[in-house]
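Take a look at the structure below.

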Amino acid sequence: MDAVMYLRFVHDVPVDGLNARQGFLAAAYLLNRNIALDDSFKRSLAEHISWSEDILAQPDRFNRSKSKGAWRRNTKGLSWFRSSATDHIDRAIALNDLLAQRGIVIATLRTDRIGYVVYQDDYQVVAEPFADTPR
């Protein structure tokens, strides 16, 4: 039986308080706030961000704690695409190509060991990483 694979798209900015790099959407949001972008590029970037917000569910958890409010103040989970989410991955790659036009390099992490799963749906999984999970 083949192991299930997961993909995570990251750039070189660290996540505060976690030994990991930020995801590609964080880079897109940051770039979208740049007022110096030309209108055509900004419109294209906004379309990709909007698609992600409309299609991807907002996970209700990012850590294993059941403590009231802990999901907000103690985020440890990282978001991953299921390799079967090909349409979503294709859209992510298109957004990554757009980011590359402005010098933001996105790396692709692949693994079958994402960590302790705290949220999942048909397209994505959030997991607190194991020590050997790529970040």
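Tyr116 counts as partly exposed, because its relative accessibility is 41% and that class runs between 20% and 50%. The model is predicted, and the values here are computed from it.

Tyr116 has an aromatic partner. The structure holds four aromatic pairs. In one of them, the ring centres of Tyr116 and Phe130 are 4.9 Å apart. Their planes stand at 80 degrees, so this pair is edge-to-face; the class begins at angles over 60 degrees. Phe130 is also partly exposed, with a relative accessible area of 21%.

Other aromatic rings come next. Phe9, Phe24 and Phe81 form one aromatic cluster. Phe41 has a charged neighbour: the charged end of Arg102 sits over the Phe41 ring, 3.8 Å from the ring centre.

Now step back to the whole chain. The protein chain has four helices and six strands. From the N terminus on, their order is β-β-α-α-α-β-α-β-β-β.

How much of the chain is buried? Of its 135 residues, 40% count as buried. The protein chain exposes about 8,100 Å². Carbon and sulfur atoms supply 49% of that area.

Contacts complete the picture. Take those in the protein chain with a separation of 6 or more: residues 24 or more positions apart account for 64% of them.

Notes:
Residues are numbered from 1 along each chain as its sequence is written. This is a predicted model: local features need pLDDT of at least 70, side-chain atom pairs count only at pLDDT 80 or more; totals for chains, interfaces and linings use all residues. Side-chain values use heavy atoms; hydrogens and water are left out. Rings of Phe, Tyr and Trp (its six-membered ring) pair if their centres lie within 6.5 Å; planes under 30 degrees apart count as stacked, over 60 as edge-to-face and the rest as tilted. Buried means under 20% relative accessible area, exposed over 50%, partly exposed in between (1.4 Å probe, protein chains only). A charge sits over a ring if NZ of Lys or CZ of Arg is within 6 Å of the ring centre and within 35 degrees of the ring normal. Helices (H or I, at least four residues) and strands (E, at least two) are DSSP runs, numbered from the N terminus. Contact means heavy atoms within 4.5 Å. Accessible areas come from the Shrake-Rupley method with a 1.4 Å probe; for residues, only the protein chains shown count as cover.
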